[in-house]
Amino acid sequence: MKRRNISLTVVLSSAIAVLPWSAIAANATPAPSATAGAVYAVGEVKKIDVSQGKITLKHGPIDNLGMPGMTMVFRADPAVLASVKVGDQVKFKADKVDGSIKVTELVKSS
């Protein structure tokens with residue numbers, strides 16, 4: 001009888017200990033996207049290809065992606081590309097979208 005009581009006590013204690021965590025997990029809100037709190041990276045527009053939805057930027061570090069400064073091609077929406085021209089100094093945010101890195105925000109630097 002003692003063995004049965006001890007086993008039942010262990011099982012109930014384990015279940016009670018897990019309950020608060022499962023309640024927290026069930027009510028958890030999803031984390032914001034990486035660009036929501038991301039700091040702007042800085043760069044210079046080297047090339048724009050509106051028909052392909054691409055922009056080449058010579059940029060500094062992109063902290064939210066753990067990327068050092070370099071020159072590379074990014075995907076971007078045509079509306080984003082229309083706001084800049086080759087040679088512009090820009091601030092931008094980028095994130096991984098559908099398997100590629102995409103510029104999600106882009107503004108001319110003042």
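Visitor: Is Asp98 buried or exposed?
Guide: In this predicted model, Asp98 is exposed, with a relative accessible area of 82%.

Visitor: And where is Asp98 found?
Guide: Asp98 is found in the loop between E4 and E5, and these two strands form a hairpin with 2 residues between them.

Visitor: What is the phi of Asp98?
Guide: Phi of Asp98 is near 50°, which is a positive value in a residue other than glycine. As a general point, most residues other than glycine have a negative phi.

Visitor: How many bridges pair E4 and E5?
Guide: The pairing of E4 with E5 is antiparallel and extends over 8 bridges; within it, Lys96 stands opposite Ile101 in E5.

Visitor: Moving to the other hairpin, how many residues lie between E1 and E2?
Guide: There are 4 residues between E1 and E2 in that hairpin, and Gly53 in its turn has a positive phi of about 65°. The two strands run antiparallel and are joined by 6 bridges, with Ile48 standing opposite Ile55 in E2.

Visitor: How many bridges join E2 to E3?
Guide: E2 and E3 are joined by 6 bridges and run antiparallel, and Leu57 has Met72 in E3 as its bridge partner.

Visitor: Which residues touch the most other members of the largest nonpolar core?
Guide: That core holds 18 residues, and the ones that touch the most other members are Ile55, Leu57, Phe74, Val90, Phe92, Val103 and Leu106. The elements that give two or more residues to this core are strands E1 (41–49), E2 (54–59), E3 (70–75), E4 and E5 (100–108), together with H2.

Visitor: What does Val103 touch?
Guide: Leaving aside residues up to four places away in sequence, Val103 touches Ile55, Leu57, Phe74, Arg75, Ala76, Val80, Phe92, Lys93 and Ala94.

Visitor: Changing topic, where does Asp88 lie?
Guide: Asp88 lies in the loop between helix H2 (78–81) and strand E4 (89–97).

Visitor: Why does Asp88 count as buried?
Guide: Asp88 counts as buried because its relative accessible area is 9%, and the cut-off for a buried residue is under 20%.

Visitor: What does the side chain of Asp88 reach?
Guide: The side chain of Asp88 reaches the backbone nitrogen of Lys85 at 2.8 Å. Not counting residues up to four places away in sequence, Asp88 also touches Gly43, Glu44, Val45 and Lys108.

Visitor: What about Ser109, where is that found?
Guide: Ser109 is found in the segment after E5 and counts as partly exposed, at 31% relative accessibility.

Visitor: Which residues does Ser109 touch?
Guide: Ser109 touches Gln89, Val90 and Lys91, again not counting residues up to four places away in sequence, and a polar atom of the Ser109 side chain lies 3.5 Å from the backbone oxygen of Val90.

Visitor: How many residues apart in sequence are Ser109 and Glu44?
Guide: Ser109 and Glu44 are 65 residues apart in sequence, while their C-alpha atoms are 9.5 Å apart in space.

Visitor: One last thing, what sits over the ring of Tyr40?
Guide: The charged end of Lys91 sits over the ring of Tyr40, 5.4 Å from the ring centre, and the charged end of Lys93 sits over the ring of Tyr40 as well, 4.8 Å from its centre.

Notes:
Residues numbered from 1 in each chain as written. Predicted model: local features only at pLDDT ≥ 70, side-chain atom pairs only at ≥ 80, totals over all residues. Heavy atoms only, no water. Buried < 20%, exposed > 50% of the residue type's maximum accessible area, 1.4 Å probe, protein only. Polar contact = N/O pair within 3.5 Å; in protein donor to acceptor, adjacent residues only side chain to side chain. Contact = heavy atoms within 4.5 Å. Core = buried A, V, L, I, M, F, W, Y, C linked by side-chain atoms within 4.5 Å. Pairing = 2+ DSSP bridges. Lys NZ or Arg CZ within 6 Å of the ring centre and 35° of its normal.
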